[in-house]
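Student: I would like to go through some of the terms used for this structure. Can we take them one at a time?

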Amino acid sequence: MSSSPSQTESIVLGGGCFWCTEAVFDRVQGVVDVESGYCNGQTLNPTYEQICTGRTGHVEVVKVEFDPAVISLREVLEIFFVVHDPTTLNRQGNDVGTQYRSGIYVTSDAQKDVAQGVIREIEAGKTYSAPVVTEVVPLANYSTAEAYHQDYFLNNPNQGYCAFVVGPKVEKFQKTFASRVKA
């Protein structure tokens with residue numbers, strides 16, 4: 001008789017361009033899958049081109065599937081808050097628009113409680129010089145991004161955006177959370 005695999009959980013996170021967020025979480029110990037996608041907009045199954053207009057209401061996100069026996073939701077969120085700027089409304093660096101907003105898209109009250117607790121601690125500790133604008137709302141209208149967006153950094157490490165924007169975020173994660181980097 002084989003032992004059953006451990007139960008996984010997932011959380012959907014918007015932290016700017018999904019290429020950056022996916023590249024970081026692909027390297028996190030305890031994360032078993034990361035999928036780029038779109039959520040919380042009006043259009044059903046939007047395309048990347050539609051998202052880029054800023055008129056669908058969607059946000060670029062990653063669905064992070066993790067093993068809570070290895071990494072907790074709290075730890076996932078601590079990484080999330082270090083590798084993006086949660087204080088800029090509808091922007092991350094040069095990426096501007098509602099599709100780049102900071103968000104945690106929850107599927108349970110327990111996830112909402114953890115997310116709100118982490119944000120309260122960040123604000124109480126004055127981690128940032130500006131208020132956190134990360135929205136914590138129920139996940140709605142999620143769809144997977146096109147195949148060419150999946151594992152984008154892995155498949156295109158020398159592309160300009162990857163070299164100058166994604167790469168430094170991955171390096172920041174690896175330095176800040178060295179004990180959490182997959183072997």
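Tutor: Start with Asn45, in the loop between strand E2 (31-39) and helix H2 (48-52); helices (H or I, at least four residues) and strands (E, at least two) are DSSP runs, numbered from the N terminus. This is a predicted model, in which local features need pLDDT of at least 70. Residues are numbered from 1 along each chain as its sequence is written.

Student: Why does Asn45 count as exposed?

Tutor: Its relative accessibility is 61%, and exposed means over 50%, buried under 20% and partly exposed in between (1.4 Å probe, protein chains only). Therefore Asn45 counts as exposed.

Student: Why does Asn90 count as partly exposed?

Tutor: Asn90 has 22% relative accessibility, so it counts as partly exposed. Asn90 lies in the loop between H3 and strand E4 (91-92).

Student: What makes H3 oblique to H4?

Tutor: Helix H3 (residues 73-82) and helix H4 (residues 109-124) pack at an angle of about 45°. Angles under 35 degrees count as roughly parallel, over 145 as roughly antiparallel, 65 to 115 as roughly perpendicular and the rest as oblique. The angle of H3 to H4 therefore makes the pair oblique.

Student: Which residues of H3 meet H4?

Tutor: Leu73, Arg74, Leu77 and Phe81 in H3 meet residues of H4 including Gln111 and Val114.

Methods. Predicted model: local features only at pLDDT ≥ 70, side-chain atom pairs only at ≥ 80, totals over all residues. Heavy atoms only, no water. Axes fitted to C-alpha atoms, helices over the stretch in contact; angles between N-to-C directions. Contact = heavy atoms within 4.5 Å.
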